Amino acid sequence: MSDFKTVIEGTRASNNLPSGVNWNFYNSYPKFKKAVSSRQNHVLKLISSLLKNQKIPGNIRGKDADHQFELVEEGNDTILDRVTHNIDTLNGSFKNVGISVTPKAFASESTDNTQAANKKRILVHGRNIERPQIKFKIKVDNRPVPFKPLLTSKPNSKVPLDLCLETNEDGIMFYKHPYQLELEEFKVPVEHLKVSTAIKPASLEDTKFVEVYTEEQLNLMVSDLLTVKELAIDLEAHSYRTYQGFTCLMQISTRNADYIIDTLHLRDKLHVLNEIFTNPAVVKVFHGADSDIPWLQRDLGLYIVNMFDTYQAAKILNFSRKGLEFLLKHYCNVDADKKFQLYDWRTRPLSTEAIYYARCDTHYLLYVYDMIKKDLMAMSTNQCNYIELVFQRSTDVCKLRYEVNILGDDSHLSMYKRSKKMFDIQQMYALKHIYAWRDKLARELDESPGYILPNHMLLKISEMLPKESHGILACCSPVPPLVRQCLHEIHYIVKKAREQTFENAEKLNEDKSFSQDVIKHIDVDMISLHDYSKSKEAVGDSLPTLLNDLNKLDDEIEIVYFTPQEITIFQEIKKKSRKHIGLTNIIYKQPYELYLKTVKYNKVLKKSSELKEKISNSNESVNASIPMKCPDKLYLTPQANEIKKISDPSNVKKDIPNTIIREIKLEDQSSSTSSTTQNPSDNSRKNNNFIPHKYEKTDFAKFHNQSKEALLIAKRLQKVKTKLSNENLCQFTSSFKKKNKFIYN
């Protein structure tokens, strides 16, 4: 118990040590630096003696910090594996005692294969390889648009193939998973839930091996695979010299044969495998299919139904390590050679060592599947069947959809947070814009962002902000070729970053509120302004049609006095402000909606004429003001049921100074009686005292019309005022009214 307390106290003391910027500050003091150095040497000496006692090779004192951490991590994994194995053996829960888990150090002393596994992993990269994507029949599309599935037919389907765009809650469009329904209704066959006798695979030399490079060989392989019920599948891909990556090799193993398929040459032919891959009666065994499933969809148009992922099984069994290398050692006592993990799989022809490595990934996988099912069955209870649980989690992995990477305003922040750096406004500006420049260039050239400019170099440039171009090259070692070619573009971004201040940052934030990043897609042709299928509200039978009864509009229209609001669109607008740019935007109005509002307006005019007739008969003055509005901007509210009568219209002007009031003068009774059968508007025009209004002297700012069109017309009339004479101005105004359908009272 005392040792445990000592460990806790030591951990607490180490957590209290300064870190980051504080560490650099304290490390500047010689006494602190000397004390830390002495304790560091003591700790390294203890760890080295511990690793040596456990027979774990490696000199921790002669390596840098990263390699020291990897060596400590490997030592911890080895010790924990040994402890876990011994505990399981003592508890009796570990049945296959004949297969022992031995540390790498012990295995390296007795076998030659493990010595090769302990060698450093090397990068086998072909510098002069022709880019395979140039020969693809379906060209690579790196645009930030929804990924459309490559399927043209849907075997083993319960519903027909339906490739339609959908929209999620965030408003992002996507194509639905073609086998979504089949995966949701999938039930594991009973024979796959049972545990059968595990059959050890034959050696690689005694197993049939077939390389598939042509369409004829592909058809022969498909005919052989149609007779089996279990398959082991794995993929090898390349992502360094391409933006999205592409699949280079596919390995398939049965109980009796191993197949290697060249997915670069047969890229557009492998869709025939959907007949097998989507068959729910055939189990497909993968290990770590989280990446394989999207790759199959993106490059080959293949989908999986009924999958068993051994990685998910290792998680349920709570293994200390979940990699395929550990499972091969644990169940098959095979030391996997992982030095080809960084192999350039674009290379053709493949070397013998590369083929051997590719075959090992699937050759033993079916035997691992049998053995891991036994352990799952031993753990299962009456309430929980762990084999079925693995199938359910694997089915969730099959539901994954491939999605194209889309650059956002905060895409660079993930890299910034991982770097644990503290940037100011200028440095963040450089980081964001260089990151966007790199992504754009990578899409155009179909190169990975890491090839154009690695992350650590991008962070270095953003942190240093060199004044000269040579300073940018000094931040890159070695200098990427595309950085040297586009040096002037990077230097321009850095120059703009050095000019940033807090005021510029605030203006930039204001501009963001008006920016609209709309992504157009050539395949998105089913969405229109009249499409209400995506509307969240229940539309029902409320959609307008020409067959509607227009007489119903009479009950909704009532004439009310227009009361101005406190804020109008005619308030002073600052010339330098960009907040009013939206006033000039054109808003689309549906033609039928404009037609309905025109009908409403005509009803109002009709009632207004009837009202004037009543006024002329009763010899009373009334404030019958109607706001000067466009037909699509009428203020019609069902709040007033009666017309307010006023004896003196001047009082109305004082109460409502911003409202246009049309005074209706009382005429003689003889003239009023004679005008009852005529339109009041015609009478006003026939009056000899009628004087046409001169619009060049009109101050539109005093009128209260909350309409964007009114503001535009006011500005245009004032511009034309200086160019036209007084004689032609009335004609111009009348024609202008007809074109804009604007009603002047």
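Leaving aside its neighbours within four places in sequence, which residues is threonine 263 in contact with? Select threonine 263 and look around: Thr247, Cys248, Leu249, Met250, Leu270 and Leu300 are in contact with it, where contact means heavy atoms within 4.5 Å.

Before we move on, a word about what's on screen. This is a predicted model, where local features need pLDDT of at least 70 and side-chain atom pairs count only at pLDDT 80 or more, while totals for chains, interfaces and linings use all residues. Residues are numbered from 1 along each chain as its sequence is written, and side-chain values use heavy atoms, with hydrogens and water left out.

**Stop 1: threonine 263**

Stay where you are. Threonine 263 sits in the loop between β6 (257-262) and α10 (274-277). Those labels come from DSSP runs, numbered from the N terminus: helices are H or I with at least four residues, strands are E with at least two. Is threonine 263 buried or exposed? Buried, with a relative accessible area of 0%; the cut-offs are under 20% for buried, over 50% for exposed and partly exposed in between, using a 1.4 Å probe and protein chains only. Its side chain also reaches the backbone nitrogen of leucine 249, at 3.1 Å.

**Stop 2: the sheet**

Now colour the strands. You'll find an open sheet of 6 strands in the order β3-β6-β5-β4-β7-β8, with mixed pairing. Two strands pair if DSSP finds at least two bridges between them. The edges are β3 (208-212) and β8 (307-309); each has a single partner strand, so one side of each is left without a neighbour in the sheet. From one strand to the next, the twist averages 25°.

Select β4 (230-238). Of its 9 residues, 7 are buried, so this strand is mostly covered. How does β4 pair with β5, parallel or antiparallel? Antiparallel, over 7 bridges; click histidine 238 and you'll find phenylalanine 246 of β5 opposite. With β7, β4 pairs in the parallel sense over 3 bridges, and there alanine 232 stands opposite valine 285.

Strand β7 (residues 283-286) also pairs with β8, in the parallel sense and over 3 bridges. To see one of these pairings, select lysine 284: its bridge partner in β8 is methionine 307.

Next, show helix α11 (residues 292-300), which packs on the sheet and touches β4, β5 (246-253), β7 and β8. Its direction makes about 115° with that of β5. Axes here are lines fitted to C-alpha atoms, for helices over the stretch in contact, and angles run from 0 to 180 degrees between N-to-C directions.

**Stop 3: two asparagines**

Select asparagine 306, in the loop between α11 and β8. It has a positive phi of about 70° although it is not a glycine, and at 1% relative accessibility it counts as buried. Then jump to asparagine 318, in the loop between α12 (310-316) and α13. Asparagine 318 has a positive phi of about 60°, but at 63% relative accessibility it counts as exposed.

**Stop 4: cis peptide bonds**

Zoom in on the backbone between arginine 348 and proline 349, which are joined by a cis peptide bond with omega about -5°. Proline 349 is in the loop between α13 (324-332) and α14 (352-363). The peptide bond from serine 477 to proline 478 is cis as well, with omega near -5°; look for proline 478 in the loop between α21 and α22 (481-485).

**Stop 5: a helix pair**

Which residues of α20 are buried? Met457, Leu458, Leu459, Ile461 and Ser462. What covers them includes α17 (413-419), α18, α21 (469-474) and α23 (487-498). Finish just after α20, at leucine 465, which takes a positive phi of about 50°.

Methods
Polar contact = N/O pair within 3.5 Å; in protein donor to acceptor, adjacent residues only side chain to side chain.
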